[in-house]
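Have the sequence and the 3D view open as you read.

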Amino acid sequence: MDPVASAILEPWSIHWDTIFLLVAVAVVYIRGWVHLHTELSHRYGRGKLCVFVSGLAVIGLALESPIDAFGSVLLQAHMIQHLLLIAIAPLLLLLGQPVLPLLRGLPRWIFKDALGPFLGAHELKRAGRAIVHPVFTWIGFSAAIIVWHLPRFYELALNSPAWHQVEHACFFWAAILFWWPVIGVWPGERVWPEWAMVPYLLAAGMVNMGLSAALSFSDHVFYPTYATAPRLWGISALEDQAAAGGIMWVPGSIVMLIPAAILGVRALQKPYAGPARTAPRVLTPVRPGVWDLLRTPVIGPVLQHRRFRQTAQMAMLALAAMVTWDGFRGSQIAPLNLAGVLPWIHWRGFAVIALLMAGNLFCMACPFTLPRDLARRLVTPRYRWPIWLRSKWLAAGLLVTYLWAYEAFAPWDRPRATAWMIVGYFAAVLTVDTLFKGASFCKYVCPIGQFHFVHSLVSPLRIGVREPSICRTCATHDCIRGNAGQRGCELKLFQPKKLGNFDCTFCLDCVQACPESNVGILRADQTKSLVKTDPGSGIGRLSQRWDVAALILILVFGAFINAAGMTERVMMWMHRWHAYLGSMLAVVTLMYAAGLLIIPAALIAVCGWSTRRTAHISWRDAICGFAPTFVPLGFSMWLAHFSNHLFTWSNSLAPALGSNWIPSLELFVLDLGLLVTLYASWRVAGRFSEIPRTVFTVSFPWTVLAGGLYASSIWIVFQPMQMRGMLMR
Amino acid sequence: MRQRLAIMTVIALIQASAFADGAAVQFRIPSGELNVTLFASPRPIAAGVIELSLLVQDKNGTELALGTDASMVLRGPSGSTVSASVIRRPAGLYEASVAFDRPGKWEVTVKLERNGEQYAIGGNIDVAPRPSKASSYAGYFAFPPIAVVLFVVRETLLHRRSKG
């Protein structure tokens, strides 16, 4: 390879975030196109899909190929890049008629709730009409082309990556606007008739030609950077400039002339009818069909197979057995032992990612319930779970104990302790569930289950009824009672009255039991689960339960204190107190008593008191109503923390992936967590008043609390971390 | 018309990440029979570890000047001197990783020896301050306030519509 090319290319790398974004846009477009291809097949044929995806591919080519890298030493490479961004990509994107597919492809709540008010605003409609007016778009395009090719500005972009991005932004945006009236993006009206686009294009072509000619025929190099750049493949700076001018001239003109010719011919073939004055089309809203994961190809049949859950549980049981065996018999250096790696790095990381992407998949494949089911074939449980324990208080207490013990005894660093924990867990499950009927352990005891129950409130999938009218005529209620061939829901969740994912183990017993096959895995409306006040089967009103509020708040504050425990500053602080008190156990106990109980209780009391005063409601309404809104923020902290371990470990296997993306991902997740929490708080406050000012006042203390937690999460993310359980350089 | 704004928002998201990089030419200086070009990456050059690549060509800049020994000395803005360990690469380049510990103008002296003749070529590299974490992740910090402002606008529009 040419040494100059080698010097340029060796440090060059692909930006995966750009690729990810392009793929995401393609997915949204394809999703919308699939709908429209059925409904408006004459407008949305396969050609539209091809050109739009090609447009995205061209952007990828321009930005993420060596073309950009060579642009710093070769003007013609830079010119090709600009040509792709100015002429090819926008033209292809707009030929794909992207407006409707992209809107239809977005989740309905984004389109309707988030974008709806903006799309309907008169001011924005007027602004939109103004910026795609051909006069504006032509002037904007020509100005962008001319100004950025002036040596002063071109040099600025060459010498500053930030200005280079601004230059690309100007070109791309100006081009999108320029091509908008030419293509006549649908659904929209043409401001000028189609034939007027012929002079519009030719005039723009003249500007392009003038610039190209100047570059091609000049006897001096316009841009000093290229004059002093090392010569690639022996091409002199002047030859390079002339070639760049040629690229701008010939392909640049062709891109203008072909559409001009097509539009000209079309104008000659039909009589002029003036600009379209038809009323804006009102698109009939299409009732969204009930999407069901169980009805998707491949995944659906696999999930519904009678042996699917058992197989998943057996796999997890085998892993648990391996972890336990290695924990007892293997090396006691945590990173070298399955008990130090699998549960504390992989399992936790994958479990939170599964919650984010799907739902409570851990409980679905729970290894603890499989031996329990086997044991119940020998021993039939005789007792009902005591009424006074039918709440989440016991589980909340166990969760506090677990979080404290995690810091106090560091099981992540002691494989044998981890193995004992697993054995203890199995023993507890077997004891409780061979004595008590139903899924008493899952519902009232299991701290891991509570973690998943609470956080599955923000999962995108839920088990629910496909068609409610079928349930109205059902007399057998197999989903909860079971039948001869299949047990019903052991957690006493009656499908027609089930609300969200709380207490649902995703065991699919109800799916198997329903004789009408009317239970599926459906999309969940996460925000509704957090703000609803309706009673749900088996759980009552979440917004009225002190035990659930306590459980949620322990998990929320637990997320922060657990993550903070691995930061260097907190550890140094703990060591200082250790020296002072003489016992690390006392330090951890004090830290968790303060961070998990006393400080949260005080903060929640202040927020609740403020809300009581402004909304004139009870303590229960104030605290239990707002507590669930903090689930997204807490979950985002758990996700950032656990995925940090998982991805850092992945990077230790594949360092080429780099690690800069991990904090970005964590911050993005935390941002989303904060925003969903703020939105849910606003919705809860809206229950008490319709006046925006009052809603703001009611939600204000909770907003401040959420902001404080978010700030602390940012602090945690940027602290030096002790990567527990990992061998790090 | 409303859809236009939506589509432009999506396209803006695509464009927002419009950047890519490679090595940037820092200086290209002829010296006698040789022509020396210094590349650096990543861009922009900020305090921290920077990969430097040195290309040594003949005076016309068309052929590699093979058989050259190269070394590099860098003097920081505080006057401290760093000797870079230069490695010869198969492609005919010389490479060095240099830790620029502080921002400012760094003087780079490239010493070359070829056929018994010695050359010393000097140039400057402007090193920007190391970006703070806050500025590196500014977009993530700006996202929540922007979303909140947009939400307030949305609520105002809804409120106005419900009154109208």
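## Positive phi in a loop

With 29 C-beta neighbours inside 10 Å, Asp503(A) counts as buried. Here a residue is called buried if 20 or more other C-beta atoms lie within 10 Å of its own, exposed if 12 or fewer, and partly exposed in between, with C-beta atoms placed from the backbone. A word on the source: this is a predicted model, where local features need pLDDT of at least 70, side-chain atom pairs count only at pLDDT 80 or more, and totals for chains, interfaces and linings use all residues. Residues are numbered from 1 along each chain as its sequence is written, while chains are lettered from A and ligands numbered from 1 in the order in which they are written.

Asp503(A) sits in the loop between α26 and α27 of chain A; helices (H or I, at least four residues) and strands (E, at least two) are DSSP runs, numbered from the N terminus. Its phi is near 70°, which is positive even though Asp503(A) is a residue other than glycine. Most residues other than glycine have a negative phi. Lys492(A) lies in that loop too, between α26 (478-481) and α27 (509-513) of chain A, and has a positive phi of about 60°. Lys492(A) counts as partly exposed because it has 14 C-beta neighbours inside 10 Å.

## A bent helix

Now look at α5 of chain A, residues 75-95. Its 21 residues reach 29 Å from first C-alpha to last, close to the 30 Å expected at 1.5 Å a residue; that expected span is 1.5 Å times one less than the number of residues. Where does α5(A) bend? The place is Leu84(A), and the bend is about 40°, taken as the angle between axes fitted to the seven residues ending there and the seven starting there.

α5(A) is mostly covered, with 20 of its 21 residues buried. Just after α5(A) comes Gln97(A), with a positive phi of about 40°.

## Around Ala144(A)

Helix α10 of chain A (residues 134-149) holds Ala144(A). Ala144(A) is buried, as 21 other C-beta atoms lie within 10 Å.

Leaving out residues up to four places away in sequence, Ala144(A) touches Cys170(A), Phe171(A) and Ala174(A); a contact needs C-beta atoms, placed from the backbone, within 7 Å.

## Domains of chain A

Chain A is assigned domain 1 (3-269), domain 2 (293-380 + 388-524) and domain 3 (544-717), with bounds from an automatic or database domain assignment. The C-alpha centres of domain 2 and domain 3 of chain A lie 25 Å apart. Their contact takes 25 residues from domain 2 of chain A and 26 residues from domain 3 of chain A.

On the domain 2 side of that contact, α18 (338-357), α21 (393-409) and α24 (447-455) of chain A each supply at least two residues. Which helix gives the most to that side? It is α21(A), with 10 residues.

## The sheet in chain B

Chain B has an open sheet of 4 strands in the order β5-β4-β8-β9, with antiparallel pairing; strands pair if DSSP finds at least two bridges between them. β5 (81-84) and β9 (117-127) of chain B stand at the edges, each with a single partner strand, so one side of each lacks a neighbour in the sheet.

In the antiparallel pair of β4 (residues 69-75) and β8 (residues 104-114) of chain B there are 7 bridges. Arg75(B) stands opposite Glu107(B) in β8(B).

Definitions and conventions:
Two residues are in contact if their C-beta atoms, placed from the backbone, lie within 7 Å.
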